[in-house]
Amino acid sequence: MNKVNITEYLTIDLQKEMWCCSRCNAELISAKEPYYKGCLVYDRPGTEVYGPPIKIAKGQQVSYAPDPRFNHILEFYCPQCGIMVEVQYLPPGHPIPVDIAVDLDGMKKRYLSGDNFSSTPPSPQRGKGKGGI
Ligand SMILES: [Zn+2]
């Protein structure tokens, strides 16, 4: 396998240059595209996540859910196994930000050139910078 872990539920297959689900290995979309374009999206109402408004006094209630006029909760799911990949809170109509941009050629050079392929990135070295242990 030539897959590199990117997040808990996302991997990149460097040979195929595809975003993949790390749970079910489904190929989501080309790694040259933002991964969320290969996911199912659910624009979830805030009251589903935070519950209905709570009555605090006669005629008064409070809600912990974001106001849908100002904030939407977008959940991204793997289309094959249904695992939640990402959640973003965005104003209505706001384009979905690209939160992960990878250097695909650099990753291929780094991970596919050697015979000691590891799917996990190297751990940070301690004591190298200022204030290190
Ligand atoms: Zn999956």
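Two residues are said to be in contact when their C-beta atoms, placed from the backbone, lie within 7 Å. This is a predicted model, in which local features need pLDDT of at least 70 and side-chain atom pairs count only at pLDDT 80 or more, while totals for chains, interfaces and linings use all residues. Residues are numbered from 1 along each chain as its sequence is written.

**View 1. The chain and its elements.** The chain has two helices and nine strands, where helices (H or I, at least four residues) and strands (E, at least two) are DSSP runs numbered from the N terminus. Read from the N terminus on, these elements follow the order β-β-β-β-β-α-β-β-β-β-α. Of the 133 residues in the chain, 14% are buried, a residue being buried if 20 or more other C-beta atoms lie within 10 Å of its own, exposed if 12 or fewer, and partly exposed in between, with C-beta atoms placed from the backbone.

**View 2. Cys39 and the largest nonpolar core.** Leaving aside neighbours within four places in sequence, Cys39 is in contact with Leu28, Phe76, Tyr77, Cys78, Pro79 and Val85. A nonpolar core is a set of buried Ala, Val, Leu, Ile, Met, Phe, Trp, Tyr and Cys residues joined through C-beta atoms within 7 Å. The largest such core has 17 residues, and those touching the most other members are Ile12, Trp19, Cys20, Leu28, Tyr35, Cys39 and Val85. Two or more residues of this core come from each of β2 (10–13) and β3 (18–21), and β3 gives the most, with four residues.

**View 3. Pro79 in its loop.** Pro79 lies in the loop between β8 (72–77) and β9 (84–90). Because Pro79 has 13 C-beta neighbours inside 10 Å, this residue counts as partly exposed. Not counting residues up to four places away in sequence, Pro79 touches Ala26, Cys39 and Leu40; the C-alpha atoms of Pro79 and Leu40 are separated by 5.6 Å, although the two residues are 39 residues apart along the chain.

**View 4. The open sheet of three strands.** The strands stand in the order β5-β8-β9 with antiparallel pairing, two strands being paired if DSSP finds at least two bridges between them. The edge strands, β5 (40–44) and β9, each pair on one side only. Five bridges join β5 to β8, and Asp43 stands opposite Leu74 in β8.

**View 5. The hairpin of β6 and β7.** Strands β6 (residues 54–57) and β7 (residues 60–62) run antiparallel and are joined by three bridges, with Val62 in β7 as the bridge partner of Ile54. Two residues lie between the strands of this hairpin, and Gly59 in the turn has a positive phi of about 80 degrees.
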